[in-house]
Amino acid sequence: MMENKNRTYLEAADIYEPTDLVHNNKDGSKYKEKDNEPLDAIKGNPDDVITMSHVDIGFKRGTDLRVVVEDFSLAIKRGEIFGLVGESGSGKTTVGRSIMRIIPILKGKIRYNGHLISGNVSKARAREIKTKIQMIFQDPSASLNDRANIDYIVSEGIRAFKMFKSEEERLEIVEEMMRKVGLRPEHLKRYPHEFSGGQRQRVGIARAMLMKPEVIIADEPISALDVSIRAQVLNLIKEFQKEFNMSVIFIAHDLSVVKYISDRIGVIYGGKLVELCSANRLFELPLHPYTKSLLSAIPLPDPKVEKNKKIVTYNPFDHHYRYDDVPQLYEVEEGHYVRCNLTELAKYKEIVKGKEAK
């Protein structure tokens, strides 16, 4: 095993055949986690396509370790669009990349269809993850190879995994996907620099969808696009989600966009999930102060109302948490989770009761 010591994380993932993870107990002894261990994510169940249980993600700089995502638990239902919202640097993209196994986790478990995919996995499991979980990147210019034509870029995945019987079938599959994303078959001979930003993002979507994945991680796919193009790309993602019954993790910082496309929304701040509920409920009854600050920042179409609108500023030190009453993710009402301490939990439950009474 010593010869493999300096291998990268993804290379090391192909070395070990067992899917069990080996950890150290507090007394130094070893224990194993099996694939069939009980789920402990937020109301996780075996039918959930992705579950994250108490996950920590960090980066090393020299000898210093900085944890950027801490105690993150989440369950993504099959066939839903889940919006993950937060400011820049909050850990949204890091969460998505950890599911893709681009970034290793420090602690916790990530499961796909009930099987562990964090840590060392078998070659068969790694292959399954690469085909069934795809990512649409934020910057289409950086995620496409400028030296390759569109035909090569779009069909790279099905070539690598030999998902066609003949060259004629491959070309037919690729041309059909190009039409679905609003591009023409003759575009296949062109190069990424010959397209606009919106067209490049369509190429990125075509590349991901050609694999017919079960899960799509859309990492701010519209942030670099014009407003008119944004709606087209959002509609395109929604159409594919319905057609293939995919689960979509839609990462963004604009709550108004996320409400349009998402079934449920999770709000992340400082690497921690602070609120989670259905999209409609989040806008109807936001509880966490940070969620309220994000909602107050949404621009309104009426200039008079916008002028008199009060912006809510969130200060994490306003909570005054004590060491003996630390905040956790509590279920305030069915399906509505908020990170708070016991004092705040009682207050939030009163707010919910008052809302229901009306």
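Start by selecting Tyr314: with a relative accessibility of 16%, Tyr314 counts as buried, because the cut-off for buried is under 20%. Keep in mind that you're looking at a predicted model.

Tyr269 belongs to strand S11, while Tyr314 is in the loop between helix H13 (303-308) and strand S13 (328-333), 45 residues apart.

Next, click on Tyr290, a buried residue with a relative accessible area of 2%. Ring pairs link Tyr269, Tyr290 and Tyr314 into a cluster. Across the whole structure, a search turns up four aromatic pairs. In the pair Tyr269 and Tyr290, the centres are 4.6 Å apart and the planes are at 50 degrees, so that one is tilted.

Then show Lys259, whose charged end sits over the ring of Phe283.

Time to head inside. The largest nonpolar core has 52 residues, and Ile205 and Phe250 have the most contacts inside it. Select Ile205 and look for its contacts beyond four places in sequence, including Val181, Leu236 and Phe240. Apart from that core lies another, of 31 residues, with Leu74 and Ile129 among them.

Last stop: helix H3 (residues 123-132), where Arg125, Ala126, Ile129 and Thr131 are buried. What covers them includes strand S7 (115-116) and strand S8 (133-136).

Methods:
Residues are numbered from 1 along each chain as its sequence is written. This is a predicted model: local features need pLDDT of at least 70, side-chain atom pairs count only at pLDDT 80 or more; totals for chains, interfaces and linings use all residues. Side-chain values use heavy atoms; hydrogens and water are left out. Buried means under 20% relative accessible area, exposed over 50%, partly exposed in between (1.4 Å probe, protein chains only). Helices (H or I, at least four residues) and strands (E, at least two) are DSSP runs, numbered from the N terminus. Contact means heavy atoms within 4.5 Å. A nonpolar core is a set of buried Ala, Val, Leu, Ile, Met, Phe, Trp, Tyr and Cys residues joined through side-chain atoms within 4.5 Å. Rings of Phe, Tyr and Trp (its six-membered ring) pair if their centres lie within 6.5 Å; planes under 30 degrees apart count as stacked, over 60 as edge-to-face and the rest as tilted. A charge sits over a ring if NZ of Lys or CZ of Arg is within 6 Å of the ring centre and within 35 degrees of the ring normal.
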